[in-house]
Amino acid sequence: MAAQVTLRSGEKVKVNDHVYCSPPWSVRDGTPYSVARIMEFLPPEGASKGKGKAKEIYTRVRLAWYYRPSDVSDRPVADSRLLLAAIYSEVCDINQLRSKCYVLHRDKITDLAGWKKRPDRFYFNRLFDPYIKKEFEVIQATDVRNLPDHIRQTLISRYEYVVAEKEVVPDLTDALRLCATCGQWCAYPDTVGCDRCKKFFHMGCVQPPLLAKPSRGYGWTCAPCSKRHEEEVDSHEVRHPTPITKPKSNAPAPRGRGRPRKDRSLAEKEENLDIKYFKMWPFRYFGQYTVAEDTLDPDDLIFPRAATRVGPKYQAAIPSLGDNTTFPDAEERGGDNTVEVLSAVHLLSDEEVIELEEWKRALTRKQENLYSVDWLTEAVRRFSQAYLMNRGWSTVDMSVPTRTEKWKRGETRYADREWTAEEVAAFEDGIMFHGAELRAVRDEVGPRSMPEVVRFYGHWKNSRLKEENQRIRELRLSHKDEEDGEVSISQSITPLSDDEGSTVREPSKGYNSCGACRTRESETWWRAPKGLSTEILCDTCGTNWRKYADLSVRPFREDATPTGKKGGEKREGTPLNGPNPKRLRTSNVNGTTPPPNVATSLQLRCQVCQKMGPPGRIVKCQKCSLRIHAGTWGVFVDRDALESYICTVCKDEKAQEACLNTDCVLCPSRKVYEKWSGHTEFLRAIKATEGQGWVHVLCAVFSPEVSFTDPSRFQVVEGISTIPRQRWIVRCTICGEGRGAVFRCTECDEEYHASCAWNARHRFGFEVQPVRNPRRDTVIVTFKGETGVLTPVIYCKEHDTSKHELYDICETDETGESVMQIYSRTYKQAPISQSHALLRKAMRLDMMLNSRSEVVDTTELDYRCESCGTHYSPCFYRNKLVSDRWRCHKCNWPHRVEQNPYVSKQAFPESTCSVDIDL
């Protein structure tokens, strides 16, 4: 007797029945039911099998999952009854089974329109493989004809369906193809067909043999047909066939749509069709990468396959080394000196192990560390090292979070840094939007590396599983008294009711309407997924969302048309007391079926302040995926161009209007400040300078000497050459480099690069300083109700800034203008109306030259350049080695660059000698 389980709804389910499956509402977070097929019932994990089948207890079930199209693609699908099969199974708790449903292949259904009008009916015609992320066609095994008879009979006797690529299906369903040369069966991978005589050949049977098939879009003809065609062309007897047109007919068009014919017996017969299963699966892969003879082996893998990545196209071809090749003497790996001991507990005696456990518990006060795999592994490792070095247990210290490893240069952490509440919130938001695509989730989190995100995902998933198991245990204990004694095969196993936590007994006042159809009358109210205007759904919309993942589904009558008031009769196929036909559509995200996107639009997370915002307020580059507030980035984008916006740096990679080296001219090399932390997203926001270089927006705004021609967009950056020399020669207290311009802390004497301070998480902001008696030249602004002088400030992270009311760099006013834009527009506007850009640059160069002590007044003395012999120059420079020799301005600077190439790049990064100064 087949095992049967009675659900709370009274339905009995057995193996190979299709069911709705879902955990409680609080765990699944508003997602619809999943559709699956029961493969087998399982006893509790670790339990021994009973003596007789009548006393065997089932608490688990193995399910073969189906996917909805919205789970695997963003393409909108109007048919909510369409599913995607999968060769993928999982073991779930039997309490997650909700109710019974029916799933059939499209070719097994005679009346598809009538099938979809019946409740709990689904169909499929494609298969999705979750491992290679690809869809395949599913056809009946009886439709496969292009196979040898013994292989075809084996395939039909075992499986009901065959899975193959779309381009392979026409070849499989064609008649048996035999080679015109050897008479053997032509397999698809090694077969080529003639376009003229329609015969098939093995690629090795033609002369000369074909090495590869023709490219897509090209045909092939055999040698006799090619020769015959050449003779026809030479004799000018080629005649193109006249296209055959279908004769006109006065017969009416065949009836395709309309009200389907009702045949209830046929529908019940289709529901109870016998499907063949081989090792619990009704289909197997038989496509482009399948060897037909392998299907005879019952242990052959049935999963879809892809092309192998073997060969010179995918692997490096390493040349062989010569006979005279010598290698330096290096420490041979595999010996006692190179082996890194991870544990030596097996060498300890029982007394030493007990003592070690006592010392291990004394190393930490956090009880969670005693259950942490990372902490326990490192503790055992350090105790083992102490034992092998004959040191006592008291020498082991776990307060140091890093360790040195062999074959690695620096120290590594044995455990990740604790995640802050903001990082956890960003991670969960990324999981909600991107599913298990952890690379996209890592972009949402920001400073965390990819390995840290992967490890945290495992811990986070286990914690959610732990909470789910705790709820299941509590609910089991609460229902333990209601259950009967022993549960046999035919006995009812009562699952958790979906109503627990899913239905609403009394809707709150003011929110007592359905979030989808706006109705205020319903016998049962269901909890609504996130994103709707209210938190409840009526009975119709709630059922449609849970079963079909679509709020636009209308309930249809199954038997007869309703009998109502006069003039109110509705024909079959129309909704009964249905809500407004304008329903809300649902959004689609890979991995899970999301709640409908109605009240809230797509949100983006700024990589600077980690706050969420709508597109437009937060701009995303479609090429480099940089996401920053538009006001902080200095970007203005039309709403129509948001989805195709590309930042200036990415555009310049193709236009090459500025320098190809995108390093900031005010900072050291990018490798210097990026090695300290992963908090570098904002440092990817750079602007072009007047010398076609690049500078960080952060560095340009916080440098008092720098100005902008367009301060709202932070471009073009001017005045870098006016930065005092003292700021260029002082070493940064963070990275220790003497290159780049430094900034001083507002409260102490620490000086560092802006990029290094940002990576070290120092505080950047703006402060409104009130002015009691303002002078005439004092510029006062008003920001968020405060009036005064807007001042940029930088504080070390050790300083307490709670006494200062600082505004973050992403703060905006009521008009949407950021505090950085207001500060730049008020205090950093270049005098573009008074002079030309080239003239302003020449004036700054004159100021820089006049400030040099080496410049000599040449109005009274007549000097001659020792290099070129000229007597005319804006200024002459004394030779440091010979005091009575001079150089002109043109010859002096190339001589300086040869002696010290660093001068032109760092001391005066924006001053070039390519501009002729003839004043």
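The legends below describe close-up views of a predicted model.

**View 1. Aromatic pair Phe 427 and Phe 456.** Across the whole structure, 30 aromatic pairs are found. In the pair shown, the ring centres of Phe 427 and Phe 456 are 5.0 Å apart and the planes meet at 85°, so the arrangement is edge-to-face. The pair links distant parts of the chain, with Phe 427 in helix H10 (residues 421-434) and Phe 456 in helix H12 (residues 450-478), 29 residues apart. Both Phe 427 and Phe 456 are buried.

**View 2. An aromatic cluster.** One cluster is formed by Phe 682, Phe 702, Trp 758, Phe 764, Phe 766, Tyr 823 and Tyr 827.

**View 3. Salt bridge between Lys 14 and Asp 17**. The structure has a count of 31 salt bridges. Here the N to O distance is 3.5 Å. Lys 14 is partly exposed, at 33% relative accessible area, whereas Asp 17 is buried, at 10%.

**View 4. Salt bridge between Glu 340 and Arg 381**. The closest N and O atoms of Glu 340 and Arg 381 are 3.1 Å apart. Glu 340 lies in the loop between strand S14 (283-285) and helix H8 (350-362), and Arg 381 in helix H9 (residues 373-388), so the pair links distant parts of the chain, 41 residues apart. Glu 340 is partly exposed at 33% relative accessibility; Arg 381 is buried at 5%. Through shared partners, salt bridges join Glu 340, Glu 378, Arg 381, Arg 382 and Arg 403 into one network.

**View 5. A positive surface patch**. Arg 413, Arg 417, Arg 761 and Lys 797 form the patch. Arg 761 sits in the loop between helix H19 (754-759) and strand S30 (763-769), and is partly exposed at 40% relative accessibility.

Methods
Residues are numbered from 1 along each chain as its sequence is written. This is a predicted model: local features need pLDDT of at least 70, side-chain atom pairs count only at pLDDT 80 or more; totals for chains, interfaces and linings use all residues. Side-chain values use heavy atoms; hydrogens and water are left out. Patches are made of residues with over 30% relative accessible area and no salt bridge: like charges are joined within 9 Å, nonpolar side chains (Val, Leu, Ile, Met, Phe, Trp, Tyr) within 5 Å. Accessible areas come from the Shrake-Rupley method with a 1.4 Å probe; for residues, only the protein chains shown count as cover. A salt bridge is a side-chain nitrogen of Lys or Arg within 4 Å of a carboxyl oxygen of Asp or Glu. Lys and Arg count as positive and Asp and Glu as negative; His and the chain ends are not counted. The place of a charge is taken as NZ of Lys, CZ of Arg, CG of Asp or CD of Glu. Helices (H or I, at least four residues) and strands (E, at least two) are DSSP runs, numbered from the N terminus. Buried means under 20% relative accessible area, exposed over 50%, partly exposed in between (1.4 Å probe, protein chains only). Rings of Phe, Tyr and Trp (its six-membered ring) pair if their centres lie within 6.5 Å; planes under 30 degrees apart count as stacked, over 60 as edge-to-face and the rest as tilted.
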